[in-house]
Amino acid sequence: MATPLTASAVLAALRAEGVTVVEVGNWRTHNRNQRGAWGPLNGSIVHHTVTKGTASTVAMVRGGYADLPGPLCHGMIAKDGRVHMVGWGRTNHAGGGDPRVLDQVIAESYGTRPTPPTRGNSNGVDGNARFYGWECENLGDGKDPWPAAQYDAIVRVQAALCRAHGWSAKSVIGHLEWSNDKVDPRGFSMAKLRADVAERLKHPASWSPGGTTTPSKETDVALSNTDIKKVAAAVVEQLLSADRFTAPSDAADYSDDPKSPRHYWTGRSVFADLVTRVRRIDKTLTALTKEK
């Protein structure tokens with residue numbers, strides 16, 4: 001069990017997980033708290049909206065409809081992966097559900113899925129008090145696709161909550177796993193979603209599948225002989241190309257003005273001059289030796 005995150009805390013957790021958040025109106029104080037408790041919380045429930053169109057879907061989950069006042073969730077995850085925050089506190093999303101499922105979620109004791117629920121909205125325990133709720137824009141007919149950006153956002157949102165509370169992925173369930181009169185979300189497997197959430201939780205919040213993460217410690221890598229030769233060649237080339245060596249004052253084109261390019265030589269010029277001087281000295285010494 002956990003105390004609900006504050007609005008600021010959930011924003012920080014979502015953004016740290018790489019979620020793009022859209023704040024809708026007075027979402028921080030838009031709730032159904034006057035109708036009952038919110039918390040302690042035990043997990044998060046994923047839903048689908050049975051709607052089409054992001055703007056109209058946001059309006060619906062925020063305001064509700066005649067038989068069910070809004071907000072109907074805490075955030076709506078759109079097709080493009082953006083998460084529209086519409087309420088914070090008690091919301092009308094979970095309704096009644098199976099107490100056995102609640103116990104299994106609290107203990108995180110089930111296998112690939114909780115025991116199929118035998119209770120629903122009319123005779124179950126209050127889920128609005130116990131779960132975060134996330135509506136996902138989809139027709140729910142099993143044909144409407146789930147874009148990669150949307151599914152990735154669903155995974156990130158659930159991982160953010162689990163990470164913040166120290167929960168495992170088994171604290172995330174679908175509405176159909178909570179209530180026997182619900183079928184959502186339809187179009188992907190909750191077991192697969194939990195597996196993807198579990199994988200995220202193995203990595204830092206900033207991790208992206210297929211990307212790289214910053215190692216916690218530097219790793220020594222042995223260089224091959226070929227690598228060593230390449231490095232040496234690069235160092236020599238850098239030295240030969242550098243133009244900050246002061247030219248010798250007896251050079252034919254020498255200038256004592258530091259602002260003049262003739263005041264400096266490249267390493268290559270210095271090396272060539274050195275070879276010339278050595279040869280000159282060698283020639284002079286050879287001549288002196290012969291004279292003796």
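This is a predicted model: local features need pLDDT of at least 70, side-chain atom pairs count only at pLDDT 80 or more; totals for chains, interfaces and linings use all residues.
The protein chain has an average pLDDT of 88, and 81% of the residues reach at least 70. The stretch to watch is residues 212-220, where pLDDT stays under 50. For that segment the model has two contacts beyond four places in sequence.

Now for the helices. Take H4, which covers residues 148-165, and H6, which covers residues 190-201: their axes lie 9 Å apart and meet at an angle of about 60°. That angle makes H4 oblique to H6, and the crossing is right-handed. On the H4 side, the contact is made by Tyr 151, Ile 154, Val 155, Arg 156, Gln 158, Ala 159, Cys 162 and Arg 163. H6 answers with Lys 192, Leu 193, Asp 196, Val 197, Arg 200 and Leu 201. Sorted by class, the contact has eight nonpolar residues, five charged ones and one polar one.

Next, hop over to strand S9, residues 131-136, and look at Gly 133. Which residues surround it, once neighbours within four places in sequence are set aside? Gly 133 is in contact with Ile 45, His 47, Cys 73, His 74, Gly 75 and His 93. Take His 93 from that list: His 93 and Gly 133 are 40 residues apart in sequence, yet their C-alpha atoms are 6.0 Å apart in space.

Definitions and conventions:
Residues are numbered from 1 along each chain as its sequence is written. Side-chain values use heavy atoms; hydrogens and water are left out. pLDDT is the predictor's confidence in each residue, from 0 to 100. Contact means heavy atoms within 4.5 Å. Axes are lines fitted to C-alpha atoms, for helices over the stretch in contact, and angles run from 0 to 180 degrees between N-to-C directions. Helices (H or I, at least four residues) and strands (E, at least two) are DSSP runs, numbered from the N terminus. Angles under 35 degrees count as roughly parallel, over 145 as roughly antiparallel, 65 to 115 as roughly perpendicular and the rest as oblique. A crossing is left-handed if the near helix is turned anticlockwise from the far one by less than a right angle, and right-handed if clockwise. Ala, Val, Leu, Ile, Met, Phe, Trp, Tyr, Cys and Pro count as nonpolar, Asp, Glu, Lys and Arg as charged, and the others, Gly among them, as polar.
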